[in-house]
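Hi everyone, thanks for coming. Have a look at it first.

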Amino acid sequence: MVSIVIVSKDERALDETLAAVADQARGRESEIVVVDASEGRLADVQRAHPGVRWIDYAPPPGVAVSIPHQRNAGVRAARGDVIVFTDAGCRPRPGWLAALLAPIDDGSEDVVAGRVGSPEGRRDLYESWHDTVERSPYLSECPTINLAFRRSAFDAVDGFDERFEYGSDIDFSWRLVAAGRRIRTAPGAVVEHDWGSRGRRLKRAYAYGRARARLYRKHRRRLLAAWRADPMVLVYPTFLLGLPLTARFPLYPALLAIPAWRNRADGPLRVLADHLAYGAGVLSQVVRP
C-alpha cells in the first residue's frame, strides 16, 4: 500500500490538491492522509473528500505547530509501506504519481524525489535541486514537497527532527544520505506550486537563511565544503557584513552586479532581493542564534 501524506494549516488550495491526487491514485492500493492543524477551519474541505483519512492535529503543549511534527504524525498514522509527500496547494501534472513511484515499484530504490514547477513558469530561487533532478540520477539533498520513500528508510533515521521548522526536510535528506540511502531523481514526476506574493517570497527567503545556518550548526562537517557546494550561505552574509565599507569604498555595492548578471534570465532585482534576505536570515542565526 502507498500512503500519500499531506500536511496542512489553513490552506484552502488543499481542496484542489486532494482532487488531483485522488485521481492519480485511482486503481492503486493507496490511501490519502491529511494532517491538518486548521482547528476545524477546513471542515468543508474535509466533507468534500470523504475518502480521505483526516487527522485533526494538535501540537504538544508548549510547542508551536510545525511541519516536522505534522509529517512525523502523518507517517505514524499511515498504513502503507511506501509514503508519498506533497504539499497542500500543489497540483500534480499527468503521470506524476506513477513516475515518482516507478523506481520503488521495481525494487531498485528506497527514496525518490520529483520536480517542482510553477504556474507562471518560475521556480523558487532556493530549490537548486531542480537542476540536479534534470541532469543527475541522484541527489545529495531534497525537500519533501515531492518525495516518496519506503517506511524502512524513514525508520532508519528516526523521521524528522522536530527541533526544526524550516529546514527539517533538508536535515531529513542529509541524514538519509549519511545513512547510506540514495535519493533517486524522477524528472517525469512533476508537481506545480504557486510560490506566493513578493512579500511571501522574501519572508520565505529569510526563513530559509535562518534554517540553513541552523542546519550547518547541526551538521558541522558539511560547512567545510560549503564554499564549493553551498556558496550562498557564506557569500551573502559576508557581503552584508561588509556594507559599512561603502563609507570608504562607494563602489562596494557594485559587487552585486556579478550575481545580477548571472541571474539576469530570472529577473536580477528579484534574485538579489531574495538572496540578500536569505543572507540576512543566515546572519540572524550567527549573531543571535
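How many salt bridges does the structure hold? There are 21 of them. By salt bridge I mean a side-chain nitrogen of Lys or Arg within 4 Å of a carboxyl oxygen of Asp or Glu. Side chains of opposite charge can pair when their charged atoms come close.

Before we go on, a word on where this comes from: it is a predicted model, in which local features need pLDDT of at least 70, side-chain atom pairs count only at pLDDT 80 or more, and totals for chains, interfaces and linings use all residues. Residues are numbered from 1 along each chain as its sequence is written, and side-chain values use heavy atoms, with hydrogens and water left out.

Let's start with Arg 41 and Glu 39, whose side chains form a salt bridge with 3.5 Å from N to O. Glu 39 is exposed, because its relative accessible area is 69%, while Arg 41, at 43%, is partly exposed. For these words, buried is under 20% relative accessible area, exposed is over 50%, and partly exposed is in between, using a 1.4 Å probe and protein chains only.

Now find Glu 109 and Arg 182. They form a salt bridge too, and their closest N and O atoms are 3.1 Å apart. This pair links distant parts of the chain, 73 residues apart: Glu 109 sits in the loop between α4 (96-105) and β6 (111-117), and Arg 182 in the loop between α7 (168-178) and β9 (183-192). The helices and strands here are DSSP runs numbered from the N terminus, with helices being H or I of at least four residues and strands being E of at least two. Is Glu 109 buried or exposed? Glu 109 counts as buried, because its relative accessibility is 6%.

My next pair is Lys 218 and Asp 171, with a salt bridge of 2.9 Å, N to O. Lys 218 belongs to helix α8 and Asp 171 to helix α7, so this contact ties together parts 47 residues apart in sequence. Asp 171 is buried at 0% relative accessibility, and Lys 218 is partly exposed at 33%.

What about disulfides? The structure holds 0 of them, a disulfide being a pair of cysteine sulfur atoms within 2.5 Å. Take Cys 90, which is in no disulfide: its nearest cysteine sulfur belongs to Cys 142, 14 Å away. That is too far for a bond. Cys 90 is buried, at 0% relative accessibility, and Cys 142 is buried as well, at 2%.

Finally, please turn to the surface. Which residues gather in a patch of positive charge there? They are Arg 210, Arg 214, Arg 217 and Arg 220. A patch like this is made of residues with over 30% relative accessible area and no salt bridge, like charges being joined within 9 Å. Helix α8 (residues 198-218) contributes the most, with 3 residues. Arg 220 lies in helix α9 (residues 220-223), and Arg 220 counts as exposed because its relative accessibility is 61%.

Terms used
Patches are made of residues with over 30% relative accessible area and no salt bridge: like charges are joined within 9 Å, nonpolar side chains (Val, Leu, Ile, Met, Phe, Trp, Tyr) within 5 Å. Accessible areas come from the Shrake-Rupley method with a 1.4 Å probe; for residues, only the protein chains shown count as cover. Lys and Arg count as positive and Asp and Glu as negative; His and the chain ends are not counted. The place of a charge is taken as NZ of Lys, CZ of Arg, CG of Asp or CD of Glu.
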